[in-house]
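Visitor: I have a model open and some questions about it. Can we walk through a few residues?

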Amino acid sequence: MFQENIPHGDALLLKWVLHNWDDDNCVKILKKCREAVLPSHGSNEKSGKVILIDMVVGNNQPKGGDFSQVQLCSDLLMMCLLNGKERTETELNNLLMAAGFSGYKIVRAIGPRSIIEAYP
């Protein structure tokens, strides 16, 4: 992911990936993903999107109750085992903007996890 190119596509899905990495490596991963969904030079096709499935700390999901305990436990686990962390929406926004994305949309739908659509 850090050195190879990711094949071009209309959409790229990363499930439970970013929380495993520190901020610098997340930006590297996201930059590679952004490159993969951009149209080729001279092409008339539209840009794709990167779809992330991960927790967004502090955002309670509309169905199923309060997941703050689950988010806290997962955050501690990521910090202790992998040097990663669960991120707030502000932290996620900072990563996406640093990687060159123009915007994103968050859908809180899968228990404590959210679906984040990032647009190049």
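**A walk through selected residues**

Guide: Trp16 sits in the loop between strand S1 (11–15) and helix H1 (23–37). Helices (H or I, at least four residues) and strands (E, at least two) are DSSP runs, numbered from the N terminus. This is a predicted model: local features need pLDDT of at least 70, side-chain atom pairs count only at pLDDT 80 or more, and totals for chains, interfaces and linings use all residues. Residues are numbered from 1 along each chain as its sequence is written, and side-chain values use heavy atoms, with hydrogens and water left out.

Visitor: What is phi of Trp16?

Guide: Near 55 degrees, a positive value in a residue other than glycine. Most residues other than glycine have a negative phi.

Visitor: Switching to Glu117. Where does Glu117 lie?

Guide: In strand S5, residues 113–119. Glu117 is buried, at a relative accessible area of 15%.

Visitor: Which side chains make polar contacts with the Glu117 side chain?

Guide: That of Lys49, at 3.3 Å, and that of Tyr119, at 2.5 Å. A polar contact is a pair of N or O atoms within 3.5 Å; within protein, one must be able to donate a hydrogen and the other to accept it, and residues adjacent in sequence count only if both atoms are side-chain atoms.

Visitor: What else does Glu117 touch?

Guide: Not counting residues up to four places away in sequence, Glu117 touches Lys49, Val50, Gly103, Tyr104 and Lys105. Contact means heavy atoms within 4.5 Å.

Visitor: Now helix H3. Which residues of H3 are buried?

Guide: Leu92, Leu95 and Leu96, in a helix that spans residues 89–98. Seen down the axis of H3, the buried residues fall within an arc of 95 degrees, so they line one face of the helix. The arc is that of the directions from the helix axis to the C-beta atoms.

Visitor: Why do residues three or four places apart point the same way?

Guide: Because an α-helix has 3.6 residues a turn.

Visitor: What about Asn93?

Guide: Asn93 is also in H3. Asn93 is partly exposed, at 23% relative accessible area. The C-alpha atoms of Asn93 and Tyr104 are separated by 8.0 Å.

Definitions and conventions:
Buried means under 20% relative accessible area, exposed over 50%, partly exposed in between (1.4 Å probe, protein chains only).
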